[in-house]
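Subject: Structure handover

Hello,

Here is the structure I promised to pass on. Please open it first, then read my notes below.

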Amino acid sequence: MVRIAHYINQFFAGIGGEEKADAPFEVRDGAVGPGRAIEMALGAEGEIIQTLVCGDNSFHADAEANIEAVIASLGRSKPDLLIAGPAFNAGRYGLACGAVCAAVSERLGIPTITGLFPEAPAVDVYRSRTVMVPTGDSAAGMKGAVEVLVRTGMRLAQGEQLRPADVDGRIPMGFRRSWVTDIPVAHRATEMLLAKLRGDAFASEVALPEGAEAIPPAAAVAELSSATIALVTEGGLVPEDNPDRIESSSATKWARYPISMLERNENPSFKSIHAGYDSQWVDADPDRMVPLDALKALAAEGVIGGVHDYFYATTGTGTTVTHGERMGDEIAKQLISDGVHAVIVTST
Amino acid sequence: MRQPHSLTMHTIEIDGVVLGGDAGVSNGTLTVDVIAVTALVLEDPRIAGVEIEIARPGESTRIVHCLDAVEPRTKIGEGSVFPGFLGGMETVGQGETLRLAGVSVLVASRYPQPFSGLLQAREAVVDMSGDTAVYSPFSRVANVVLALTPNPDIENDDYDDAVRRASLRTAEYLAGTAADHEPDDTTVWDFSDQDPDLPKVVYFYQLQGQGRMADTFLYGHDIHNLVPTLIHPNEVLDGAIVSGVYVYACYKNPTYLHQNNPIIWELQARHGKDMNFAGVIINRGHNYTQADKERSSHWAAKLAEFIGADGAILTAEGGGNSAIDMMLACQYMEQAGIKTTVVSSEAAGADGYDFPLFYTVPEADAIVSIGSEDEVIAMPKVERVIGGDTLLDTETPAIGPFDLKMYFHYCGTNQLGANVLVGREF
Amino acid sequence: MIEKNGVPAALLTAMTSMAMVAGANRILSSGLIPHPAGDPTRSPDEEFVWRKGQVLKALNAVATPLEEAQIFADW
């Protein structure tokens, strides 16, 4: 028998509508309101052990305290599953369901599920932090919503792995993962191509990106002859013992090294740890990745004001966009605080 | 375009492999003569030792250090399979060939000298049973594993050649031991008849040609100077293309999968039914400059136009660099009015939240996914390990348990479509 | 991200189309993938002169006012 806790708002608890939205958090034993429909759908498989109720306004007036109260309550009762809602297209109620589910999953490790209209505001906010099933936009769809909530919720409570969102009938959580299929790649590719040739509808298995965010060009350097220029590379050039343990692929770290050290290039010498290109030419002469000799010569000739004392390195292969953007931002802020005017980046 | 080649392929289905003395096939069981194969492999002084073991589907067995896999094949009558490596120089794709289906000769080895840099033989693992068997198509065939020990005095490049010849020669030898056996199936592969009412589909087949340890061989020659060219599907199926790609395991297209290319297999099966198989364009991936990538992809699109293709299926081999070559070819074909479908792996990060493709063009609106190369798989303890005691680089005990990135699963995200994974929204 | 923070950055790369997709603004085609600032086919002295030329082009790029991302001609 699966033991379930259920979160609802004041309306579904029968306290009242908008005029009672300030009803305080309370815990009741057993099923209340839509919880009875959930119990019907559960049959002998499970029961609702308690119902957590909170008014829509009072939840958001002090969300932190209300979430603490939920955590405290469920920490004692230790249910196998939390069901919140369904909240359909409701704004405040949906956000409360999302917040409660996310906190309970992350802090207590109890599986959680809520039901929302796919365009409800809470979907984008909490989709990656709790399981959601799609519902209609109003309580008129309660019966169907309860069935899918219970079916998917019971799988979670029994510790079963998630399946693809469409197989589970869930709202996608925003991540992709491999799944085993029995339809061969060659067959899918040929079917897709023939559909495209016939002019029939077809569904790409990977959607193309939204256009990348265009970054407005930075203002140009006004006077090169007084500018300090820094060198940055994603080519993985580091001292041979790789003291900062920058990853050879899928990097999450960057480091900077004094250019005097690179000029000396012995004890330690510099090598590429980048796992995405053949580094023999760069290992033989690091200037081929970080053109320090050329930049120093141009500084000596007075073409630029000076070379920044450090060069910056990370590895750009298999590096995720998230980490790439973070590292770029960190490097940029360091360069600005060091008074660098412009940068030459080398990329493999 | 006329396609005059006709290849008669005799297939013997093998459902069991045993080691023994009486070489040949009997009642679907292949007996491998250990002494004969050992002697064959050790004829090459660059190889110091060989252990021969069988890894069968369903066994609690793990194979490590996989380099290449080859299906046993031999020509009936004149000629040899894998010309350029075995026998004289000629083209294949005609005459008669015998294949042993359900068996691979899988060569596993370390290299004699340490590697540095990108182009090195990297770990490649196959689990023959359990939940982790789905991460390699070689869990579904019986593998005759040649676990080699290199002569320690030779250079890696020289040993590389020895590895390749050992597996190719063993594959030809094993098929030869069954030459007198009645085949279970005989199929004639001939695409000469083209139905004018059906669309013409070309296969854009990009091969990895990046440098030693990451090279593919066309009739015995690396493809660094290859411009896109036409090749008959029968040539591919008959041993024209041999793999020397030993870098990241999940991306590799081993010789076995060139011989049994699932895309070519599918297109030949549908030829004359709902499409015409109009030909195969091979292309070098990993061109080093933007200009070379543009040159190559424009050239491939031009060839597809020459043969009047209406549609194209595109595959590649390798990671982000090769994806650019393929995507550019997709773009230029679409711009020439040729509809395309692209096969691609996904790289959305270990947690799957990043955008999954390295490089895209707006024209690539029909992509078939072969799964994520970024996931980390929990590998269980197994009863038996073949090929080595510890994993390359980390020197983790190969018996397990350990966590293994998808990169190191042998053909886990095979771009020819040999495996069973697909990336999905969760 | 460096440009986003207001510092002009020139990118030397053999992969200009990739750089464009990735959102770089001042892109220069240079060298080969494994050595964007190298040309091992030249003698060391000639290679240095060539590299100085590439770096000078990059400096001109950061000194050039732009409205939008640009691949600078490899002249």
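First, a definition. On a 1 Å grid over the protein atoms alone, a cavity is a set of points where a 1.4 Å probe fits but cannot get out, and its lining residues have an atom within 4 Å of a point.

Some ground rules. This is a predicted model, so local features need pLDDT of at least 70, side-chain atom pairs count only at pLDDT 80 or more, and totals for chains, interfaces and linings use all residues. Residues are numbered from 1 along each chain as its sequence is written, chains are lettered from A and ligands numbered from 1 in the order written, and side-chain values use heavy atoms, with hydrogens and water left out.

The cavity

A search of the whole structure finds one cavity of 30 Å³ or more. The lining has 15 residues, and B:A323, B:M326, B:S344, B:S345 and B:F358 lie nearest the centre. In chain B, α7 (320-335) and β21 (339-346) each supply at least two lining residues. α7(B) gives the most, with four. Helices (H or I, at least four residues) and strands (E, at least two) are DSSP runs, numbered from the N terminus. By class, the lining has nine nonpolar, six polar and no charged residues. Here Ala, Val, Leu, Ile, Met, Phe, Trp, Tyr, Cys and Pro count as nonpolar, Asp, Glu, Lys and Arg as charged, and the others, Gly among them, as polar.

The cores

A nonpolar core is a set of buried Ala, Val, Leu, Ile, Met, Phe, Trp, Tyr and Cys residues joined through side-chain atoms within 4.5 Å. Buried means under 20% relative accessible area, exposed over 50%, and partly exposed in between (1.4 Å probe, protein chains only). The largest core has 70 residues; A:I229, A:L295, A:F311, A:I344, B:L314 and C:L59 touch the most other members. α7(B) gives the most to this core, with eight residues. Apart from it lies another core of 58 residues, including A:I4, A:F88 and A:M173.

Aromatic rings

Rings of Phe, Tyr and Trp (its six-membered ring) pair if their centres lie within 6.5 Å; planes under 30 degrees apart count as stacked, over 60 as edge-to-face and the rest as tilted. Over all chains, there are 23 such pairs. A:F175 and B:F426 are stacked, at 6.0 Å centre to centre and 20° between the planes. This pair crosses between chains, from the loop between α7 (165-168) and β7 (176-180) of chain A to the segment after β26 (421-425) of chain B. A:F175 is buried at 6% relative accessible area, and B:F426 is buried at 1%.

B:Y111 and B:F115 form a tilted pair, with 5.3 Å between centres and 55° between planes. B:Y111 is buried at 9%, while B:F115 is partly exposed at 25%. A:F11, A:F12, A:F88 and A:Y93 form one aromatic cluster.

Backbone points

Two cis peptide bonds to check: A:N267 to A:P268, and B:G400 to B:P401. B:P401 is in the loop between β24 (384-386) and β25 (402-405) of chain B. B:H286 is not glycine, yet its phi is positive, near 65°. B:H286 is buried, with a relative accessible area of 3%.

Best wishes

Notes
1 Å grid on protein atoms, 1.4 Å probe; cavity = no way out; pocket = protein on both sides within 12 Å on 5 of 7 lines; lining within 4 Å. Points joined across faces, edges and corners; volume = space filled by probe spheres on them.
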